[in-house]
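User: I would like to go through this model and ask what the labels rest on. Please set each value against its cut-off.

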Amino acid sequence: MENGARGTSSRAVVDRLLKATNAHDLDALVSCFASDYVNETPAHPLRGFTGSQQVRLNWSQIFAGVPDLVAEIIARNEQGETAWTEWRMSGTRRDGTPHLMRGVVIFTVSKDQISAARFYLEPVESDTGDVNAAVRAQVASQA
């Protein structure tokens, strides 16, 4: 499916990103992002950034720290320039501990590259308690 004058479909660009991630091909991965790419991380606003050079720095650290990283897209929906994607990324860190992240990334694609993303991918926590503990922690007084 083509987006006419806009170029490649958002699905094709996300597929290219997934392939580059699983191949640990840093150059191919970075080429999926526009030079002025904007990353928003709504749950952690200070982690947002602009620019594909930061993408390169982030992913060079990720590939070095999790040499067997495997990414999967669990669910997805593309419409025009927007791709809603649910990801699972797993592997083993250099110290032997498991690495597991899950969450949603909403991409904006234009001119065959990712121009923006809203990033909700987080490390999976398996030992922080059940829903009752989580709600208590969120509303507990900090005084």
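Predicted model: local features only at pLDDT ≥ 70, side-chain atom pairs only at ≥ 80, totals over all residues.

User: Which residues of H1 are buried?

Analyst: In H1, the buried residues are Ser10, Val13, Val14, Leu17, Leu18, Ala20 and Thr21.

User: What puts them on the same side of H1?

Analyst: They cover an arc of only 165 degrees around the axis, so they sit on the same side of H1. In general, an α-helix has 3.6 residues a turn, so residues three or four places apart point the same way.

User: How do you know that the span of H1 agrees with its number of residues?

Analyst: H1 has 14 residues, which at 1.5 Å a residue should span 20 Å; the end C-alpha atoms are 20 Å apart, so the two agree. Just after H1, histidine 24 has a positive phi of about 55 degrees.

User: What makes the buried residues of H3 line one face of the helix?

Analyst: The buried residues in H3 are Ser52, Val55, Trp59 and Phe63. Seen down the axis of H3, they fall within an arc of 55 degrees, and therefore line one face.

User: What do the buried residues of H3 pack against?

Analyst: They pack against H1, helix H2 (26-30), E1, strand E2 (49-50) and E4.

User: Why is methionine 89 called buried?

Analyst: Buried means under 20% relative accessible area. Methionine 89 has 7% relative accessibility, so it counts as buried. Methionine 89 is found in strand E4.

User: Which residues is methionine 89 in contact with, leaving aside its neighbours within four places in sequence?

Analyst: Methionine 89 is in contact with Trp59, Leu69, Val70, Ala71, His99, Leu100, Met101 and Leu121. Of these, Trp59 is one of the buried residues of H3. As for aspartate 127, its C-alpha atom lies 19 Å from that of methionine 89, and the two are 38 residues apart in sequence.

User: Why is lysine 111 called exposed?

Analyst: The cut-off for exposed is over 50%. Lysine 111 has a relative accessible area of 70%, and is therefore exposed. Lysine 111 lies in the loop between E5 and E6.

User: What lines the largest pocket, by class?

Analyst: The lining has 18 nonpolar, 6 polar and 2 charged residues. The volume of this pocket is about 580 Å³. Of the 26 lining residues, Asn39, Asn58, Ile62, Phe119 and Leu121 are the closest to its centre. Leu121 is also among the contacts of methionine 89.

User: Which elements each supply at least two residues of that lining?

Analyst: They are helices H1 (10-23) and H3 (52-65), together with strands E1 (33-40), E4 (82-92), E5 (98-110), E6 (113-119) and E7 (122-123).

User: How many helices and strands are in the protein, and in what order do they run?

Analyst: The protein has 4 helices and 7 strands. From the N terminus on, the order is α-α-β-β-α-β-β-β-β-β-α. Of the 143 residues, 32% are buried. The C-alpha atoms fill a box of roughly 55 × 35 × 25 Å along the principal axes. Among contacts between residues at least 6 apart in sequence, 47% join residues at least 24 apart.

Terms used: Residues numbered from 1 in each chain as written. Heavy atoms only, no water. 1 Å grid on protein atoms, 1.4 Å probe; cavity = no way out; pocket = protein on both sides within 12 Å on 5 of 7 lines; lining within 4 Å. Points joined across faces, edges and corners; volume = space filled by probe spheres on them. Nonpolar A, V, L, I, M, F, W, Y, C, P; charged D, E, K, R; others polar. Buried < 20%, exposed > 50% of the residue type's maximum accessible area, 1.4 Å probe, protein only. Arc of directions from axis to C-beta. Contact = heavy atoms within 4.5 Å. Expected span 1.5 Å × (residues − 1).
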